[in-house]
Amino acid sequence: MPANQPNPNPQQKPPAQFPSRFDPDNPAIPAQQAGTSVAHPPAPTHDPLISAYGGNYGPPGSGHRRRRRRWNPYLVGCGVLGLFVISAFLCTGSLITISVWNTFNDLLTERIAKILPETNNVFQTTRIFDRYGGELYQLIEEGRRTKVKLSDINPYVIDATIAVEDDSFYDNPGVDLASIARAGLGYFTGNESGGASTITQQLIRNIAFEYEYRTERSARRKLEEILLALVLTQQKSKDEILEMYLNLIYYGNLAYGIEAASQTYFGKSSRDLTLAEAALLAGLPQSPSTLDPFNPDPAVQDAVLSRRKVVLDLMLSRGKISRTDYDQARVQPLVFADPNVSLKSPHFTLFAQEELKNLLPAINLPAAYMNTGGLSVYTTLDPTAQSLAERVAKAQINTIKAQHNANNAAVIVLKPGTGEILALMGSVDYRDETIDGRVNMAVAPRQPGSAMKPLTYAAAMERGFSAATILWDVETHIDIPGSDRYSPVNYDRQFHGPVRVRDALARSYNIPAVLTLRQIGVDSLLAFAERLGVRSLGRDVSRFGLSLTLGGGELTPLELAQAYAVFANEGQLVNATSILCVINNEGQIIYQYEDGCAGRGNLSDKAITTRATPIPVLDPRIAFVISDILGDNRARSAAMGANSPLRTDGIITSVKTGTTNDYRDNWTVGYTKNVVVGVWVGNADNTPMQGTTGLTGAAPIWNEVMRGIYANDTIRAALQINGGLRSDELIPPGGMSNRQICDLSAVTDPSMACQPGRNEWILETPPMVPGEAGGLTGQGIPQFAPTPSPANGPYLEDLDPGVTKALVRPVDPNLALVMSPGGVPVGGTAYCLVPNEVRAQTPGAQMQVFIKASPFEDQDPYVRLYAASRTLAVLPRIVCSADMLMSSIGVSGISAFITSPMPGETVSGTVYVSGGASWAPGAAAFFKMEIQGPQFPNWTTFAGPFNIPVISGALGDFGSAGLMPGTYQIRVVVVGNDYNLSLIHI
């Protein structure tokens, strides 16, 4: 209206202004009051337009007559035509617009429908927990993200986010028209001050656009974002959109979503954030690269706090918080979490991570789920047991480090009934590079030393050995084709003579263990170890020699602990595991072991639920015997001492140590029915320690950890199966007997009877071994039983597995020397085994008790030398020959024997007797020949006396033609200088 014309409606108020986006409380501009008069200048007296159209536009009462308006038909026609064209254009445009929108809307709706499912599949952080839910680690690849429901997010976070990002969120259609107008104007004028995008638009950018397109500044990208935001608002509720936004938006430092941001910056869940913390996080998405709370730069810190103040100001202005809340939040100090990813119990956690990787295919999950699936993985780790192992091991290493150059240790705590790893410490300090702390020595192959011996003896027991079997711990040299002669020695550099398996294992003697492996074969031990879960050794026999039983091969502490768990578990193998439960990002249980998800997640039909599946791999009787030996403190005391660190009064334990050459590795592995504790001490770089053994280096750790476990109710609870602990008492399985065995020290020459010794466990039937169809099956290997008297051959009667009774006759030492393997003089009385069928015709034959000899001929001379030095009676190896039966009882320095005629030979005519009758100078006076039989009831001289010795030749003759038929005996008699009988050979 021209300024000089009056207001046609002086009572109308000007329209009220829209409230400001950031200041809604501003009042509208006040309207003019009703009845206000407005002065108008007078109209001109003559106006051509007025004259032409006859209009009266003057003020009322001007006095001019109103003229009638005349219409120009051409103008009217043109106007009507114009209106028609405009109407047609508008209708057509509207139809086209509606059609285009509907079509485009359908396309956008279809695109949104494809995008939304992907928001459920965005990467999420997989988190690893201990068995009680304590977080150990987060598996991060692209970043951290943990999805949460809107209802689980702190209201402070929601209010702060809406206040700073989109105050009209719950009212707008997904876009802010005013902001769009400002942004559009700026784009075309070159003044791109921009306008804030709504929460919905920001969400669209994150879920619908690739990174390059997302950061592109173009009208096309902005238009697409707006349209998609409008459609998304139609498809989803505001709460759903806000929940997606809070789970997807980036907060910096690899934290995606509010839950990951809360954990990253404050080490807590988003539901536990304070107002001050929530306000800080809500301000970060604007510029996460520059607003970094972890950046120590004061300027950056000021910017972060200034941004937090903006958020708090907006929350206060909108009435979301009170002034008191505001003031308290402004001054609340912020305590940030460690910016480094937490890695508790690092070696165990990384071990569990690797097991998870191998488990995923079995539970039908893709490999990508390892780092991006948002899984919650609950492990077998007991934090109390882990802390105990770490504390004890570190203290021991600190004690012995300087003196013995022992810098590192590994400890494993295993639950034998289920295979659960309750603790796994791979080094005393994961972050100490000087000891290669990041190397997990719990799974690093090392030589186990004598800790390998229980496997050797168990394998031998499957082949007929028993705890009472005799092994000769004497000087031993073994020729190996293509290699140097192998001469094993004991740790104390001494020999201990005949020892039973119990003593050999308990005292950890090396030579008996080598002899045992020599009997059963390296291939048998490798196969046996693999059956008990040891994979590191493999089955290539060419890689190993007899030193394998002394730890000459490399295996891991975890493998050895698992193998010992077979003994603890009565012959059953349960594979070690570190994972109890896996739950997906929807809270669904997808895997659980031994009910490890109890109280967590929702069990679905697709969940894979497993329990411990013991595999019978060893006769439980053998497992019992090995455990009984390893728990025999009396048996080991001779070597280890009665009060060694292996003694655990009040706890029934079985334990074995190991020490390698040059002291590179110390081991102690021991167990009860409920727990296995394995300890390794050494240096990761294989540098030798100095003068420390498994008994002094590793055993103290083992002892304290074992005692600590049994003294702690929390750890004991974790060891329970079906609500309780197993009894640790060693109860012998059926098919065994406890028999008294002979006292070896009493088997001296000559020994006529077994002197009772201790009792020993003996299997009553052959040991069982794994069958082809699974399980254990019997075999035909004979076990110890008293031997019945044979009709033919040497008479042998086993009194126990290492001692036998035999019918023997003394043999000329010189003849015995000739027939002895190696020709080594052994001293003492030599015997030969008398065949049972000629016992009645063998004067001087008698039953005596002997210790069984070595099965190896190359060791036999050293056995007999050792036995002679201690007057021990060793079972003869030689069956009496005719010469031996005809020779006289040996006397030192005198030899007499008959070689012809042969025993049982029929003679006629003149009988020439050949043989020998000799003595050292001054040892005898003469020899003579005598005969006894039907015609000569008493011994009668038929030749001699001769005072000249006969080394080998004719001794005399007699005529048989005049003799009465029958059986006769002849003998050579050597008479001493005192004319007393010195030696007779019949």
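Student: Are Cys581 and Cys597 buried or exposed?
Tutor: Cys581 is buried, and Cys597 is buried as well. Buried here stands for under 20% relative accessible area, exposed for over 50%, and partly exposed for what lies in between, using a 1.4 Å probe and protein chains only.

Student: What kind of model is this, and how are residues numbered?
Tutor: This is a predicted model, in which local features need pLDDT of at least 70 and side-chain atom pairs count only at pLDDT 80 or more, while totals for chains, interfaces and linings use all residues. Residues are numbered from 1 along each chain as its sequence is written, and side-chain values use heavy atoms, with hydrogens and water left out.

Student: OK, how many disulfides turn up in the whole structure?
Tutor: A search of the whole structure gives three disulfides, a disulfide being a pair of cysteine sulfur atoms within 2.5 Å. Counting the bonded cysteines along the chain, their pattern is 1-2, 3-4, 5-6.

Student: Back to Cys581, then: which residue does a disulfide join it to?
Tutor: Cys581 is joined to Cys597, with an S to S distance of 1.9 Å, and the link is right-handed, with 105° about the S-S bond. Cys581 lies in strand β9 (residues 579–583) and Cys597 in the loop between β10 (588–593) and β11 (602–610), so the pair ties together parts that are 16 residues apart in sequence. Helices (H or I, at least four residues) and strands (E, at least two) are DSSP runs, numbered from the N terminus.

Student: And the link of Cys742 and Cys754, is that left-handed or right-handed?
Tutor: That disulfide, which has an S to S distance of 1.9 Å, is left-handed, because the torsion about its S-S bond is about -125°. Cys742 sits in strand β16 (residues 736–742) and Cys754 in the loop between β16 and β17 (756–763), so this pair ties together parts that are 12 residues apart in sequence. Cys742 counts as buried at 4% relative accessibility, whereas Cys754 is partly exposed, with a relative accessible area of 27%.

Student: Where do Cys832 and Cys880 lie?
Tutor: Cys832 and Cys880 are joined by a disulfide (S to S 1.8 Å), and with 95° about the S-S bond this link is right-handed. The pair links distant parts of the chain, 48 residues apart, with Cys832 in strand β22 (residues 830–833) and Cys880 in the loop between α26 (860–869) and α27 (882–886). Both Cys832 and Cys880 are buried.

Student: New topic: how many residues of helix α21 are buried?
Tutor: Helix α21 (residues 620–630) is mostly covered, with nine of its 11 residues buried; among them are Arg621, Phe624 and Leu630.

Student: What does Ser427 touch?
Tutor: Ser427, in the loop between β5 (420–425) and α16 (453–461), touches His347, Asn408, Ala409, Gly437 and Val439, not counting residues up to four places away in sequence. Contact means heavy atoms within 4.5 Å. Ser427 is buried, with a relative accessible area of 6%, and its side chain reaches the backbone oxygen of Gly437 at 2.7 Å.

Student: Last one: is Glu141 buried or exposed?
Tutor: Glu141 is exposed, with a relative accessible area of 54%, and is found in the loop between β2 (135–139) and α3 (155–165). Leaving out residues up to four places away in sequence, Glu141 touches Asn371 and Thr372. The C-alpha atoms of Glu141 and Asn371 are separated by 5.9 Å, although these residues are 230 residues apart along the chain.

Definitions and conventions: Polar contact = N/O pair within 3.5 Å; in protein donor to acceptor, adjacent residues only side chain to side chain.
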